[in-house]
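Please look through the sequence and the model before reading on.

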Amino acid sequence: MCTLTLSASIPALKPAECVGALCPSATPAQYAVFFFGLYLIALGTGGIKPCVSSFGADQFDDTDSNERVKKGSFFNWFYFSINIGALISSSLIVWIQDNAGWGLGFGIPALFMGFAIASFFSGTSLYRFQRPGGSPITRMCQVLVASCRKWNLEVPNDSTLLYETQDKASAIEGSRKIEHSDELRCLDKAAVVSDAEIKSGDFSNPWILCTVTQVEELKILIRMFPIWATGIVFSAVYAQMSTLFVEQGMVMDTSIGSFTIPPASLSSFDVISVIFWVPIYDKIIVPIARKFTGKERGFSELQRMGIGLFLSVLCMSAAAVVEINRLRLARELELVDQNVSVPISIFWQIPQYFLLGAAEVCTFIGQLEFFYDQSPDAMRSLCSALSLLTTALGNYLSSFILTVVTYFTTAGGKTGWIPDNLNKGHLDYFFWLLAGLSIFNMLLYVVCAKKYKQKKAG
């Protein structure tokens with residue numbers, strides 16, 4: 001943020017002022033400084049996001065029932081605070097950047113990041129620290145290599161004959177032992193003690209012999225994979241908020257009296273929806289659900305994610321209905337051949353943003369809880385990173401679907417579903433397509449969730 005502030009403040013690091021309609025291009029050096037700042041933010045974010053939720057949840061004691069309930073609330077309020085920041089940045093900070101300049105607009109977040117760092121380190125003496133258990137990627141590779149090396153060995157029916165440390169603690173630093181499971185028995189070969197190892201008494205090479213806990217770590221990740229994959233389609237739906245929802249808003253009536261609403265600013269209603277639903281969910285829905293389900297958090301993580309997937313179907317259906325009515329009005333007013341806005345208020349988009357925010361509260365926060373609780377102790381940051389990866393893959397999936405739809409619907413010189421003039425297209429078909437994919441994804445999720453077996457600590 002400091003680099004970006006400098007690039008927008010120091011004359012030598014920013015392009016010359018525009019003269020009328022002529023705006024000089026930035027020099028290669030100016031581009032380099034600017035993009036260096038952006039990539040530093042990306043690098044810093046990669047360090048913060050996967051770890052901050054896991055580290056926060058580590059402060060709660062799983063053996064205490066009251067603290068377990070508070071840990072569930074932590075994920076809600078953690079996500080709430082993120083959206084408070086998003087609301088401030090998309091409103092106040094954007095206004096400052098537009099009216100007071102980019103230097104001040106970047107400088108204020110840089111200052112607050114300084115306060116955040118000071119706040120973070122001021123609590124050092126209070127934190128509960130989990131010991132780092134080494135590279136989880138390395139341990140997974142060791143299991144795969146060891147199981148391949150012992151491919152010809154038989155896995156004993158008695159799981160107690162598989163290799164595990166005799167100590168109470170696991171061989172993996174910072175991790176509890178994990179009970180053996182019967183799935184994916186081919187990976188158990190990595191924990192089979194061979195005759196050669198019994199004779200030599202050497203059990204120290206993890207590339208040849210792994211503990212049951214180490215094998216179970218990989219099994220848990222594989223079991224979580226189908227649940228993780230269903231989050232990609234949800235993220236593709238979420239990506240519409242900053243893409244086709246904005247395109248839809250641009251051909252609607254954006255005026256309120258003399259004031260014009262930027263279509264992209266309606267994404268604030270998604271943030272407002274999250275800010276609205278988090279307290280409602282945590283303080284009202286959870287206590288009510290707890291009476292019926294008997295679960296400490298009201299709904300399990302899997303149930304919560306399923307509710308979010310259902311709400312995403314309603315979100316895309318609402319967007320399609322709005323577009324159907326917009327196109328109907330365009331035909332009635334004979335505006336189909338004109339690339340102009342249709343006199344239907346942009347505020348009709350609010351329900352789809354509000355539903356998306358509610359879906360986000362259920363699915364994204366549910367994912368944070370699920371990947372934290374179900375991941376092995378020494379893999380929590382990795383699993384949190386995997387849950388965040390669905391957002392990136394969802395954006396790629398959205399782009400892929402859009403490309404495929406455009407290719408097939410414009411074949412033979414046809415207008416297509418999403419032409420430059422949306423009045424001639426059928427954006428509603430695209431929204432119905434995503435709604436259909438979301439329904440299929442939800443049904444697939446239900447099957448995977450029913451088959452999922454919870455992690456058992458040893």
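Angles over 145 degrees between the N-to-C directions of two axes count as roughly antiparallel. The model discussed here is predicted.

**Two helix pairs**

Two packed helices are described by the angle between their axes and the distance between the axes. The table gives both values for two pairs.

| Helix pair | Angle between axes | Distance between axes |
|---|---|---|
| α7 and α13 | about 160° | 9 Å |
| α3 and α9 | about 165° | 8 Å |

Helix α7 covers residues 212-238, and helix α13 covers residues 427-451. Their angle is about 160°, and α7 and α13 are therefore roughly antiparallel to each other. The crossing of α7 past α13 is left-handed. On the α7 side, the contact is made by Pro 226, Ile 227, Thr 230, Val 233, Phe 234 and Val 237. On the α13 side, Leu 437, Ser 438, Asn 441, Tyr 445, Cys 448 and Ala 449 make the contact.

For α3 and α9, the angle is about 165°, so these helices too are roughly antiparallel to each other. The crossing of α3 and α9 is also left-handed. Among the residues making the contact are Ser 73, Asn 76 and Trp 77 of α3, and Tyr 281, Asp 282 and Lys 283 of α9.

**Asp 282**

Asp 282 lies in helix α9, which runs over residues 268-293. Is Asp 282 buried or exposed? Its relative accessibility is 9%, so Asp 282 counts as buried. Leaving out residues up to four places away in sequence, Asp 282 touches Ser 73, Asn 76, Trp 77 and Pro 287. With Asn 76, there is a polar contact between the two side chains, at 2.9 Å.

**Gly 101**

Gly 101 sits in the loop between α3 (65-99) and α4 (102-122). Its relative accessible area is 25%, so Gly 101 is partly exposed. In sequence, Gly 101 and Glu 217 are 116 residues apart. In space, the distance between them is 50 Å, from C-alpha to C-alpha.

**The nonpolar core**

In soluble globular proteins, nonpolar side chains tend to be buried together. The largest nonpolar core in this model has 82 residues. Which of these residues touch the most other members? They are Met 224, Ile 227, Phe 245, Met 316, Phe 370, Phe 430 and Phe 431. One of them, Ile 227, also takes part in the contact between α7 and α13. Apart from neighbours within four places in sequence, Met 224 is in contact with Phe 370, Phe 371, Gln 374, Ser 375, Cys 383 and Tyr 452.

Notes:
Residues numbered from 1 in each chain as written. Predicted model: local features only at pLDDT ≥ 70, side-chain atom pairs only at ≥ 80, totals over all residues. Heavy atoms only, no water. Core = buried A, V, L, I, M, F, W, Y, C linked by side-chain atoms within 4.5 Å. Buried < 20%, exposed > 50% of the residue type's maximum accessible area, 1.4 Å probe, protein only. Contact = heavy atoms within 4.5 Å. Helix = DSSP H or I, 4+ residues; strand = E, 2+ residues; numbered from the N terminus. Polar contact = N/O pair within 3.5 Å; in protein donor to acceptor, adjacent residues only side chain to side chain. Axes fitted to C-alpha atoms, helices over the stretch in contact; angles between N-to-C directions. Parallel < 35°, antiparallel > 145°, perpendicular 65-115°, else oblique. Left-handed = near helix turned anticlockwise from the far one by under 90°.
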